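Dear colleague,

Please find below the structure that I am handing over to you. My notes on it follow directly after.

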Amino acid sequence: MSGPGFDDLGWARPDTDREARLGLPEVVFGPGKTAQQTAGVVRRLLAANKGPVLVTRVLESTADEVLRLIPDGIYDAAARLLVWRPAQPLGFSLVIVSAGTSDGGVAAEATAVAEAVGLSTELVADVGVAGLHRLLAERDRLAAADAVVCIAGMEGALPSVVGGLVGCPVIAVPTSVGYGANLGGITAMLAMLSSCAPGIVVVNIDSGFGAAMAAFRMAVTR
């Protein structure tokens, strides 16, 4: 049964009108869904829209089963992302900066999602503030970006430093990486929200997806 802007599948209501409103089809959150349920939603979104269809946080075993049901998709194991119909480049440059190698999973998600929706990405990895010279060596790459995503756990200081070096938008992603007082990313998140560098955007803990979507909105509205 179809409603105004959505399909009622009985167990899910895919938002088939979201592409018209936001420029991108609804993105499917993978956890909690069976492969059959995921495939059912993806089919409706592919049929109702022209843009890329994404499923986030998908285990490899589930992804394999979904791809048997709906071929022609691409699975990125590091990002845990399924993609059908990746978007054409929008001409928007996004540099993704991670503080440490332990933040790699979040950086992979941010990179894969951003590329799937049409952003051009560069990854600058392992440049945390404990070795500030590593970050300063990449200053020219950061300054040339249309936006920068900063991913950091521990005390979450990296976005404040980057925010003081570049004039473009900075999107901060706190991660749950760190010792006990990191509190599963809460310490990093509070530090980023309290940054003295003005105008930093902060997304949820471990949300590479949220950072990529914030950059996408910047790209399509500039």
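**The sheet and its helices**

Ala172 has Val202 in S11 as its bridge partner. Helices (H or I, at least four residues) and strands (E, at least two) are DSSP runs, numbered from the N terminus. Please note that this is a predicted model, in which local features need pLDDT of at least 70 and side-chain atom pairs count only at pLDDT 80 or more, while totals for chains, interfaces and linings use all residues. Residues are numbered from 1 along each chain as its sequence is written, and side-chain values use heavy atoms, with hydrogens and water left out.

Strand S10 (residues 170-174) pairs with S11 in the parallel sense over two bridges; two strands pair if DSSP finds at least two bridges between them. Helix H8 (residues 186-193) packs on the sheet and touches strand S9 (147-152), S10 and S11, where contact means heavy atoms within 4.5 Å. The direction of H8 makes about 155° with that of S10; axes are lines fitted to C-alpha atoms, for helices over the stretch in contact, and angles run from 0 to 180 degrees between N-to-C directions. H9 also packs on the sheet, touching strand S7 (93-98), S9, S10 and S11, and its direction makes about 170° with that of S10.

The open sheet is formed by five strands in the order S8-S7-S9-S10-S11, with parallel pairing. At its edges are strand S8 (120-124) and S11, each of which pairs on one side only.

Ser207 lies in the loop between strand S11 (201-202) and helix H9 (208-221). Ser207 counts as buried because its relative accessibility is 12% (buried means under 20% relative accessible area, exposed over 50%, partly exposed in between, with a 1.4 Å probe and protein chains only). Leaving out residues up to four places away in sequence, Ser207 touches Arg57, Val106, Glu109 and Val173.

Two of these contacts, Arg57 and Glu109, meet through their side chains in a salt bridge (2.5 Å, N to O). The pair links distant parts of the chain, 52 residues apart: Arg57 is in the loop between strand S4 (53-56) and helix H3 (60-69), and Glu109 is in helix H4. A salt bridge is a side-chain nitrogen of Lys or Arg within 4 Å of a carboxyl oxygen of Asp or Glu. Arg57 is partly exposed at 24% relative accessibility, whereas Glu109 is buried, with a relative accessible area of 3%. By this rule the count comes to nine salt bridges.

With kind regards
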